[in-house]
Amino acid sequence: MKSKYFTFIFINLFILMSGFYFIYNSSKTNQKVIPVSQIHLTTHVKKIERVFSGEITTSFFSSALNSGLSVEHILTLTESLKYSINFVRGIRHGDKFKVILNNEATKIDTLILQSSNQILIAKTDINGVFHDQNGVNLSNNDTISPLKKHYAVSSHFSNHRTHPILKRIQPHLGTDFKTPIGTPTYAINKGIIITSTFHPLAGNYIVIQHANSIKTRYLHLNNRMVNKGDIVYKGQKIGLTGNTGRTTGPHLHFEYLKDNIPINFEKIQKKSI
């Protein structure tokens with residue numbers, strides 16, 4: 001009797017379990033399978049800031065800091081360009097700047113400075129050396145030529161030159177480059193404009209005071225693009241060559257002085273090559 005009772009219970013349990021199994025599998029087969037391509041996972045990736053820009057209000061340092069640029073990047077920038085750009089006096093209220101970092105935002109790639117009449121684009125090479133848009137090395141203190149292209153020298157530095165107009169021996173304390181009118185002329189190094197005016201003999205001319213008691217003079221210009229008191233960076237365009245003043249033809253008369261003593265700039269150029 002007991003064996004029949006247990007057999008009856010076992011059969012009923014088996015039927016009950018079979019029913020649960022059928023219901024479970026039926027519910028699984030009715031479920032919609034979502035393809036992997038349609039599964040969207042929410043991820044939070046931190047955006048890397050690479051571009052920082054602003055306008056100069058009080059100083060370049062504070063304005064760059066307010067733009068979000070780190071102190072480390074600002075110091076690296078000003079140290080790398082200290083020979084060519086005066087970051088204290090050469091950047092004025094209202095000037096604009098943009099600093100672009102590399103893809104990893106670890107190093108400075110490009111600096112763009114924009115004033116009322118000039119734009120400087122300083123870009124680093126693979127060695128971290130800055131060059132401007134004309135290829136001028138801004139990371140060293142070397143002087144550059146006042147002209148970007150090679151022009152023939154029509155009159156060399158000499159203490160015993162016969163003046164082409166006066167026809168008498170008279171020192172020629174500069175170098176004359178034979179250029180077409182309108183040829184861009186550049187500051188050979190950073191400095192301050194101490195003269196920008198017109199003279200009947202020199203024509204439109206500019207004088208720049210550089211560091212270490214160096215002065216440079218640019219004569220017979222067609223246009224002057226800077227004013228007295230302006231701070232210029234190395235390679236900045238300051239004017240266009242011309243034929244103003246007392247001349248025999250279009251050219252740039254360029255003078256280089258140390259402690260107000262004229263020096264042959266051609267010799268200085270040869271030493272730097």
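Student: Which residue in strand 2 is the bridge partner of Gly54?

Tutor: Phe97 is the partner of Gly54. Keep in mind that this is a predicted model. Here is the general idea. Strands of a sheet pair through backbone hydrogen bonds, either parallel or antiparallel. In this case, strand 1 and strand 2 (residues 96-101) run antiparallel, and five bridges join them.

Student: How many strands does the open sheet have, and in what order?

Tutor: The open sheet has five strands, in the order 1-2-3-4-5, with antiparallel pairing. Strand 1 (51-55) and strand 5 (130-131) are the edge strands, and each pairs on one side only.

Student: Which strands does helix 3 lie across?

Tutor: Helix 3 lies across strand 2, strand 3 (108-114) and strand 5. The helix runs at about 70° to strand 3.

Student: Now the surface. Which residues make the nonpolar patch?

Tutor: Phe61, Leu65, Val71 and Leu75 make it, and the patch covers about 330 Å². Look at helix 2 (60-66) and helix 3 (71-80): each supplies at least two residues of the patch.

Student: Take Leu75. Where is it found?

Tutor: Leu75 is found in helix 3. Its relative accessible area is 47%. Buried means under 20% and exposed means over 50%, so a value in between reads as partly exposed. Leu75 is therefore partly exposed.

Student: What lies between helix 2 and helix 3?

Tutor: A loop, and Gly68 lies in it. Gly68 is partly exposed, with a relative accessible area of 45%. Gly68 and Glu49 are 19 residues apart along the chain, and their C-alpha atoms are separated by 9.0 Å.

Student: On to charges. How many salt bridges does a search of the whole structure find?

Tutor: The search finds four. To read one, look for a side-chain nitrogen of Lys or Arg within 4 Å of a carboxyl oxygen of Asp or Glu. Let us take some cases.

Student: What about Asp109: which side chain does it meet in a salt bridge?

Tutor: Asp109 meets Lys123, at 2.7 Å from N to O. Asp109 lies in strand 3 and Lys123 in strand 4 (residues 119-124), so this pair ties together parts that are 14 residues apart in sequence. Asp109 is partly exposed, with a relative accessible area of 22%. Lys123 is also partly exposed, at 43% relative accessibility.

Student: And which residue does Arg217 meet in a salt bridge?

Tutor: Arg217 meets Glu255, with 2.7 Å from N to O. Arg217 lies in strand 13 and Glu255 in strand 16 (residues 252-258), so the pair ties together parts that are 38 residues apart in sequence.

Student: Is Glu255 buried or exposed?

Tutor: Glu255 is buried, with a relative accessible area of 11%. Arg217 has 23% relative accessibility and counts as partly exposed. Use the cut-off to check both: buried means under 20%.

Methods. Residues are numbered from 1 along each chain as its sequence is written. This is a predicted model: local features need pLDDT of at least 70, side-chain atom pairs count only at pLDDT 80 or more; totals for chains, interfaces and linings use all residues. Side-chain values use heavy atoms; hydrogens and water are left out. Patches are made of residues with over 30% relative accessible area and no salt bridge: like charges are joined within 9 Å, nonpolar side chains (Val, Leu, Ile, Met, Phe, Trp, Tyr) within 5 Å. Accessible areas come from the Shrake-Rupley method with a 1.4 Å probe; for residues, only the protein chains shown count as cover. Helices (H or I, at least four residues) and strands (E, at least two) are DSSP runs, numbered from the N terminus. Buried means under 20% relative accessible area, exposed over 50%, partly exposed in between (1.4 Å probe, protein chains only). Two strands pair if DSSP finds at least two bridges between them. Contact means heavy atoms within 4.5 Å. Axes are lines fitted to C-alpha atoms, for helices over the stretch in contact, and angles run from 0 to 180 degrees between N-to-C directions.
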